[in-house]
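User: I would like to go through the terms used for this model, one by one. Please set each value against its definition.

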Amino acid sequence: MGDVLAGIHSTWEFTTDSVLIRFERGIRTPKLFQVLGERRIPYEALSTVELAPGGKRGTVVLRAVPREGADPLLEAAAGQLKESCDPYRLVLPAEREPLADRYADELRATLPQEAAKPAPDHLVAAPSAPQSFKAYDGKASFDGTGVGFRWFWTGASTAKWKAGDQYFPVGELESVEWNSPEGPGGHLRLRPRGAEILAEADQDPASVVFGLGYGPVYESLPFAASVLEAVRAAGPVRDTGSVCSPPTPTPPRSDPADVAERIRHLGELHDAGLLTDHEFTAKKAELLAEL
């Protein structure tokens, strides 16, 4: 099509095989859009295109509906995104409705025959690594090959402190679960292959929990989408027998002051009777080994 349609918070540029969505960086633009910056959506990733009245008087909304499984961002969101944060909505003044209607018709004409079917793989790129964010009970980081959780002594449960900081290569993960921080029980949980899933995220060393100001949507959702895309790309873990596997990446060495603080917290748990002498000694040795 080769045209540009400018709306509120974003601009759509139509090319031969995709639509490039560029998001504004204004103070009124949702922070998720500002983090995403821009996204290229191949037409083969769409199932249909809709045009409807906007939520505010005097506006219309052009919405491209992605195919199921085509976009790791929406797959990770699992329907929890607020309408105002939907990156596939272009809000326009009502007087542009005839123009938007024409674009909707042209877009529908470009959709593939299999548009109604789930996508066989991700067709839209997730935000790139490295990424990190602070949850309530720890810091989550993703370097492109694995996810690390480093616990905060002020928020992490005793179960997580006993388990120690965690690192999960993407090839050992089955899926990623994101519960929005804007609802109850917000968390990001990794699902290692064959591992037992604990009922409570705050007790599960494979998860971090959100809280007021911790794990906001614009940080934790792109993170979850990036991990999900990497997990899908890695595929299932296969038994390679005698074939040597590449070494598992390890997190960088910890800051000495951070290790000292964590050892102090271990001492508090030990004094309170929550850790045995053996558990305290073993965990202290693990932390000293990080230096």
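Analyst: First, the terms for sheets. Two strands pair if DSSP finds at least two bridges between them. Strands are DSSP runs of E with at least two residues, helices are runs of H or I with at least four, and both are numbered from the N terminus. The model is predicted: local features need pLDDT of at least 70, side-chain atom pairs count only at pLDDT 80 or more, and totals for chains, interfaces and linings use all residues. Residues are numbered from 1 along each chain as its sequence is written, and side-chain values use heavy atoms, with hydrogens and water left out.

User: What makes strand 1 and strand 2 a pair?

Analyst: Three bridges join strand 1 to strand 2 (residues 10-14), in the antiparallel sense. The definition asks for at least two, so they pair.

User: What is the order of the four strands in the open sheet?

Analyst: The order is 1-2-3-4, with antiparallel pairing. Strand 1 (4-6) and strand 4 (38-42) are the edge strands, since each pairs on one side only. Neighbouring strands are turned by 15° against each other on average, direction ignored.

User: Why is the contact of arginine 39 with aspartate 71 called a salt bridge?

Analyst: The term needs a side-chain nitrogen of Lys or Arg within 4 Å of a carboxyl oxygen of Asp or Glu. Here the closest N and O atoms are 2.6 Å apart, so the contact qualifies. Arginine 39 lies in strand 4 and aspartate 71 in the loop between strand 6 (59-66) and helix 2 (72-77), so the pair ties together parts that are 32 residues apart in sequence. Both residues are buried (under 20% relative accessible area; exposed is over 50%, partly exposed in between, with a 1.4 Å probe and protein chains only).

User: How many salt bridges are there in the whole structure?

Analyst: The search finds 13. Arginine 191 and glutamate 177 form one of them, at 2.5 Å between the closest N and O atoms. Arginine 191 lies in strand 13 (residues 187-192) and glutamate 177 in strand 12 (residues 173-179), so this pair ties together parts 14 residues apart in sequence.

User: Why is arginine 191 called partly exposed?

Analyst: Its relative accessible area is 23%.

User: Which residues are linked in a network of salt bridges?

Analyst: Glu177, Arg189, Arg191 and Asp204. Arginine 189 forms a salt bridge with aspartate 204, with 2.8 Å between the closest N and O atoms. Both of these residues are buried.

How values were computed:
Axes are lines fitted to C-alpha atoms, for helices over the stretch in contact, and angles run from 0 to 180 degrees between N-to-C directions.
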